[in-house]
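Hi everyone, thanks for coming.

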Amino acid sequence: MGFLNNLINGISLGSIYAVIALGYTLVYGIAKMLNFAHGDVIMVGGYVIFTCMTTWGLNSWLSIVLAVIACTLLGIVIEKVAYKPLRQATSLAVLITAIGVSYFLQNIALLIFGEKPVNFTSVVNVPSIKLFDGQIVISGETSVAIIVSILIVVGLSLFINKTKSGRAMLAVSEDRGAAQLMGVNINRTISLTFAIGSGLAAIAGALLCSAYPTLQNTTGAMPGIKAFVAAVFGGIGSIPGAMIGGILIGVIEILGRAYISPQLADAIVFAVLILVLIIKPTGILGKKISEKV
Amino acid sequence: MALLEVKNLGISFGGLRAVDEFSITIEKGQLYGLIGPNGAGKTTIFNMLTGVYKPTDGTIVLDGKNITGKNTIEINRAGIARTFQNIRLFKDMTVLDNVKVALHNHYKYSTFTGVFRLPRYFKLEKAMDAKALELLKVFELDDKASLLASGLPYGDQRKLEIARALATQPKLLLLDEPAAGMNPNETAELMDTIRFVRDNFDMTVLLIEHDMSLVSGICEKLSVLNFGQLLCEGKTAEVLKNPEVITAYLGE
Amino acid sequence: GCGNGAKKNSDTIVIGCSGPLTGDAAQYGVAVKNAIELAVKDVNDAGGINGTKLSYVFEDDEADSGDKAVNAYNALKDNGMQVMVGTVTTASCLAVIEKTKQDNIFQLTPSASAQDVIKNDNCFQVCFTDPNQGKGSADYIAENKLATKIAVIYDSSDAYSSGIFNTFKSEAEAKGLDIVAEQSFTKDSKTDFSAQISAAKNAGADLVFLPIYYQQASLILTQCKSANYNPTFFGCDGLDGLLSIKNFDTSLCEGVMLLTPFAAEAQDQATQDFVKKYKDAYNGETPNQFAADAYDGVMVLAELMKKEGITADMSASDICDKLKKAISDKDFSYDGLTGTGMKWGEDGAVSKDPKAVIIKNGAYSALTADDIAASTAQ
Amino acid sequence: MAMLEINDLHVNYGMIAALKGISFEVNEGEVISLIGANGAGKTTTLHTLTGLISAKSGSIKFNGVELTKTPAHKIVEMGIAHVPEGRRIFQNLTVLDNLKLGAFTRKDKENIPKDIQDIYERFPRLAERKNQIAGTLSGGEQQMLAMGRALMSRPKIVVMDEPSMGLSPILVSTIFKIIEDIRKSGTTVLLVEQNAKKALAISDRAYVLETGKIVLSGKASDLINDESVKKAYLGE
Amino acid sequence: MKKEGASAKTKFFKPQTRKSFITYAMVIVAFVVMQILSSGGYISSMLTGLLVPLCVYSILAVSLNLTVGILGELSLGQAGFMCVGAYTSAIFSIVTSETIENVWIRFPLAILIGGIIAAVFGILIGIPVLRLKGDYLAIVTLAFGEIIKNVFAALYLGYDSKGVHVSLKSLSNLNLEPDGKLILNGPQGISGTPNDSTFIIGAVMLLITLIIAYNFVYSRTGRAVMAIRDNVIAAESVGLNITKYKLVTFALTAFLAGCAGALYSHNFYTLQASKFDYNLSILILVFVVLGGIGSIRGSVIAAIVLVLLPEMLRSINSYRMLIYSIVLIVMMIITSNEKTKTFISANTAKFKALFKREKVKEAE
Ligand SMILES: Nc1ncnc2c1ncn2[C@@H]1O[C@H](COP(=O)(O)OP(=O)(O)OP(=O)(O)O)[C@@H](O)[C@H]1O
Ligand SMILES: Nc1ncnc2c1ncn2[C@@H]1O[C@H](COP(=O)(O)OP(=O)(O)OP(=O)(O)O)[C@@H](O)[C@H]1O
Ligand SMILES: CC(C)C[C@H](N)C(=O)O
Ligand SMILES: [Mg+2]
Ligand SMILES: [Mg+2]
């Protein structure tokens, strides 16, 4: 029973990581950049929802929609201002710029919303599921997070494989120059990628802050890193991989904490990550890209 | 004794039998051509000879030494060097350094010697510079020694790749389409260079080429590959008259 | 001591403090900064130090334990600091205590609570020392027989939290308390407590000791509720602030007990005045215990300075020599927000009484025997 | 009016001038060759034409529209397809996906499958390998794919950068036949080739490029007999 | 063209030698200037306090540049190696502070020990990890750094008459006798490290690091490493042992980072492992990238500018980090955008040409 409980706790933490990792992996896969600011867009999404619900008293659906819109716009603006001038630059240069953007978002949020953490009202009003006379509880947030992450996986996969914009994304991720020669609008496609990625970040923000109802300007940083780990774990660029990676990281973290050592739980997660990558250097679902000589 | 003896070499990719039962014998000092339609498996053979791919069947013997299944580094040390169909230079390094890298295993000093610049460092670096410049001169690249490799025109890049391969002091040189992207004049020059290398460096050369002027101009013997299998082999002039070769490869 | 070529504002006595204004721990730094500002204003309004005005400088140290803390300290010195009311966190404090010692600057930290912070003779604390809190908590639980099986959830990456835990543990063992679950978390994973909670629950703990800050505590309370687990919660001063979390369902805090010198909801006049002033000045924010500690710190200093006749043109070192003696003077005591009759020994630690309080009907109230009976009956 | 008019085009790579003011024109239905030694600037010309690099000065007019200010993806929509040097196929996608991406700008979805069949007929090898990951194709196969992919957009003009590079003699002939087919079907061709003899044989007119400048131009049939061209580019 | 090549050969220094000597000279001049200023009391306490950390960050940036710029692999574990060096050297100094009283013996030993143990860690992590590429390697190095940080933060270590005690759980699990000496106190870290670091030692270490880095790059090994960066398959084809050279670079980077860690830890009395988190690794990466990947001098300059910047911005307190982030983004865009890059290089070329002409005139 205890084990089952821990497993469920792991899955619920993991499903949140999964939603964040999905946005991460999308942007990485297509724009070929590690968007270190992704976690901070999540934080912005959280604050938008908080402001809508708590300060303005809007209902949760409307708040989420507004947050998605706000983050989508934010994603587009960030891309235009900070990343677009660096199209020709090395991916490292873009990575550092993303770090700059991350600092920027954190500090602007500090100025606007203050340094004090606020308590977040859950946007989820799905009842929790109680099993075995309440010995095992699956919270509403968990069920929603799992369902949402599955929906996103399916939705994104369909979008990329079935729509024209999706195919443009594939082409851009392969070879930008060649994609241009096919008539793909690179800037528009990358913008769209950021828009979707940031929209997903808003949803991730809603779920993260509902499950762990506290919000401050650094809220997104650590989950962002963990989700990055999850995305790599699952095979970066792979959409189902991000989901699987997220859930596994969550489960390992919780089981490590419960059965080995709470102090070293993070170390255990990272150690498992290293082990997995040594055995499978491109992550669980990452495809091995062999270079023809 | 032959320099290279390959027997029944074979490899598959998934369901595709890319090379099957391929044998070839090359004598020391020969200029040998490997031709065949696109996708016949020529580059794949080079990849097996150099350890990039591990053959599933067959044996490769170089100068009496069995090198089947060895890795690229061991094979290079055993004496095979190559160029690549899609040029692979050290782009962000100078032309000179591209060659000096290849001298690596012949001018040895330790990292410690290098970092603390012991006398041996200066002695060997000087010798390497001289040797590298000498090689570059053969390819008329010596006055471009301090340019970045990526800035060279295509034809020069091909030449630099050959110079780099030679710098590893091989017994057998494999050239994968050395004339691709060159115009007839440049090709003619290249033919002279290859002959020069063979004569002055005691080199044995196996090359893949689609440019018939080069093939008929310098190759003494040819093997023709089709669908991974040997179609025929023999003296150049004879092979090029073979009707099977004409239908499969040459056309007209 | 290196060149003190800093600009020295000769007509005020300059108090310096450093703490985190950015980063994860910014809330603590900002609270202390606000309180210092308030206190300096109050002192000056009441006539300053025998007519000389106080002023303060505050630098961001990001709660760093290395160069950033030292940079902040040096910036304070360059800005003419004569006395230090800082730093805010233990991490930064440990990085600068040897510097203040070398420079002979009097240091009174409002909130850095580790024992090592006060090991030098020029360093004093307003807050409790962590080990004291740990010991105090264990004693209180044992004496009042609050529980038989205890679980602890603490932050193993935090000096404050693990400091309390370490002494709590040894004292609990000495007092025969049974710690059935020792659970920790770290700075990097401080939102999900499901594993710790289920360990405590499975071990059958009827009291969970939380030597941590309120922010994590609020999450633990929420998560315990959704895990159907209702033990007694017992904490230290870090838990103060629970009731003032914006938008937090405070009914979850009902019955939480804590040992703290300050509670913003306490009904005494001094606290009420302070809380009101603070709220007015800072957008209705409720001050936490560190703000109160800092306010007390400045007030204590002002009191001592008046007594010693400190003036603006004195060197930091001279001031230090005077204040050091004055504060540990047996006859000196101070009644403040965080305690009455506060006294300091030469070791630098404060002696004041913690109040045991319980959250009832959304407010703090003194813990009574009835409350204890009620909670153990559960 | 010519279909494509290039006027005094200058292009720089950083500090290096690759094109130093070239002008030429291509009329509808023509096959035009650009020949020149390594590094003469042929590839640079084509890249500028299709917007992959931007010009320093000068103009490129396609049916009267200025291309130097048009983004690359718009240029494709206007009917220019590019078979790039080094092929630039999508390495990790299948042959079929590559062909489909070739038709990216097309609005007439219903005709795409038929066109794919046409390409397969022209290059039977691609039909055999349609589900293979393109990066593992042999060099020649990749070249076929690059040409097929370009034709999928039903362009008005195809610019080809050394399409015969690395192909077997039989395929080289095929490629040149295909180029003739393409022109017969009404598509204009701008061809860059090292194989000058073959290129001139099927071209209407040609331009000779040397270190970023056009040094010679005229009817292909004249150039093929020009002594200096013979000496420099035909190896005779 | 030919002429120039010939005259280059007759020059006394190779261009790379000149480049490195200019850098050494810059460091020495900076050191002397700071020394003179500080002995005259002209610089603020803040700047004085920053001198050693500036050396530390410069060393870290230069050493990371070997992995990122020369080997071409993204490593986010620099803080981990620094942590190992900082802790082990500090432990050594604390334990031996009574037996080896001479600082000039003890401190260099401590630095070496810190560096060597960090290098051992570098090799340990390097062996399994070098199969990985790009971002996978980056995440693994990040993970490694976090593991180190977490383990050190959980580590209690002390010794008494019964020997050495270690615990990963809590102070009381250590079972230290009352007379024992506690060295590592979990999250509270290490305290009582002798303050042996001085600006002179820092500057000398920086100089040595620069010499090592430059000489490494322009040696047989450095060339091999760069070849691996540019094209692994071709590097194998000319017989380079990929694993060996990757490991050598990794170990050297770790060694220097460990030495920097030692310099760092001996600049403070106390140190906590939480300092060495991924943010620090990222910060150092920022120095490397902003200074120009592969440019050793650039790393030093970027490290100095970016460490000083937030300190200079102190007067605007709450906007400090905001401005810092904006400056970072803008600097990145300016230094990496194609257009601005061409613009800058065109103008510096003009400037240099101008300068040269004047020199020629002078000579005449
Ligand atoms: N790594 C691989 N995976 C799958 N198939 C491969 C791989 N490498 C080569 N092939 C296939 O093996 C066959 C032979 O390829 P190879 O590159 O040897 O041809 P080639 O004779 O060099 O042709 P070309 O003259 O066009 O370069 C081709 O059909 C190619 O698609
Ligand atoms: N990306 C680049 N950076 C710098 N210089 C370049 C770049 N690309 C080309 N060049 C230079 O510009 C000039 C023209 O090159 P271009 O590729 O257009 O020649 P080309 O005529 O196509 O030659 P080839 O027959 O070798 O393909 C050459 O001197 C070349 O070195
Ligand atoms: C302000 C608080 C977070 C400080 C804490 N008591 C410490 O010692 O670090
Ligand atoms: Mg081939
Ligand atoms: Mg070209």
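This is a predicted model: local features need pLDDT of at least 70, side-chain atom pairs count only at pLDDT 80 or more; totals for chains, interfaces and linings use all residues.

Okay, metals. Let's begin with the magnesium ion that is ligand 4. Which residues hold on to this ion? They are B:Thr43, through its OG1 atom, and B:Gln85, through OE1, at 1.9 to 2.0 Å. Now find those two residues along chain B. B:Thr43 sits in helix α1, residues 42-49, while B:Gln85 is in the loop between β6 (80-82) and α3 (95-102). That puts them 42 residues apart, so here we have a pair linking distant parts of the chain. Are they buried or exposed? B:Thr43 has a relative accessible area of 9%, and since the cut-off for buried is under 20%, B:Thr43 is buried. B:Gln85 comes out at 15%, so it is buried as well.

Now jump over to chain D and the magnesium ion called ligand 5. Here the coordinating residues are D:Thr43 (OG1) and D:Glu85 (OE), at 1.8 to 2.3 Å. D:Thr43 belongs to helix α1 of chain D, residues 42-49, and D:Glu85 to the loop between β6 (80-83) and α3 (95-102). Once again the two are 42 residues apart and link distant parts of their chain. D:Thr43 is buried at 16% relative accessible area. What about D:Glu85? At 27% relative accessibility, D:Glu85 counts as partly exposed.

Stay in that area, and let's talk about ligand 2. There are 15 residues around ligand 2, and the ones that come nearest are D:Asn38, D:Lys42, D:Thr43, D:Thr44 and D:Glu85.

Let's pick out some contacts. An oxygen atom of ligand 2 is 2.5 Å from a side-chain N or O atom of D:Thr43. An N or O atom in the side chain of D:Glu162 is 3.3 Å from an oxygen atom of the ligand. From chain B, a backbone N or O atom of B:Gly151 also lies 3.3 Å from an oxygen atom of ligand 2. On its own, ligand 2 would expose 640 Å², and the protein buries 73% of that. If you sort the shell by class, you get five nonpolar, seven polar and three charged residues.

Next, chain C and ligand 3. The residues around this ligand include C:Tyr28, C:Val88, C:Ser111, C:Ser113, C:Tyr160, C:Tyr213 and C:Phe290. How many charged residues are in the shell? There are none: the shell has six nonpolar and four polar residues. For polar contacts, look at the nitrogen atoms of the ligand. A polar side-chain atom of C:Ser113 lies 2.9 Å from a ligand nitrogen. C:Ser111 uses a polar backbone atom, at 3.0 Å from a nitrogen atom. C:Tyr213 has a side-chain N or O atom 3.0 Å from a nitrogen atom of ligand 3.

Last topic: rings. Over all chains, the structure holds 35 aromatic pairs. One of them is C:Tyr154 with C:Phe165, which is stacked: 3.9 Å centre to centre, with 10° between the planes. C:Tyr154 is in strand β6 (residues 149-155) and C:Phe165 in helix α5 (residues 159-174) of chain C, 11 residues apart. C:Tyr154 is buried at 3% relative accessibility, and C:Phe165 is buried at 0%.

Now try E:Tyr57 and E:Phe287. This pair is edge-to-face, at 6.1 Å centre to centre and 80° between the planes. E:Tyr57 comes from helix α3 and E:Phe287 from helix α11 of chain E, 230 residues apart. E:Tyr57 counts as buried, at 3%, and E:Phe287 does too, at 0%.

To finish, go back to chain C and find C:Phe262, C:Phe274, C:Tyr278, C:Tyr282 and C:Tyr295, which form one aromatic cluster. That's my tour, thanks!

Conventions:
Residues are numbered from 1 along each chain as its sequence is written. Chains are lettered from A and ligands numbered from 1 in the order in which they are written. Side-chain values use heavy atoms; hydrogens and water are left out. Donors are N, O and S atoms within 2.8 Å of the metal (3.2 Å for Na, K and Ca); water is not among the atoms, so sites may look incomplete. Helices (H or I, at least four residues) and strands (E, at least two) are DSSP runs, numbered from the N terminus. Buried means under 20% relative accessible area, exposed over 50%, partly exposed in between (1.4 Å probe, protein chains only). A residue is near a molecule or strand if one of its heavy atoms lies within 4 Å of it. A polar contact is a pair of N or O atoms within 3.5 Å; within protein, one must be able to donate a hydrogen and the other to accept it, and residues adjacent in sequence count only if both atoms are side-chain atoms. Ala, Val, Leu, Ile, Met, Phe, Trp, Tyr, Cys and Pro count as nonpolar, Asp, Glu, Lys and Arg as charged, and the others, Gly among them, as polar. Accessible areas come from the Shrake-Rupley method with a 1.4 Å probe; for residues, only the protein chains shown count as cover. Rings of Phe, Tyr and Trp (its six-membered ring) pair if their centres lie within 6.5 Å; planes under 30 degrees apart count as stacked, over 60 as edge-to-face and the rest as tilted.
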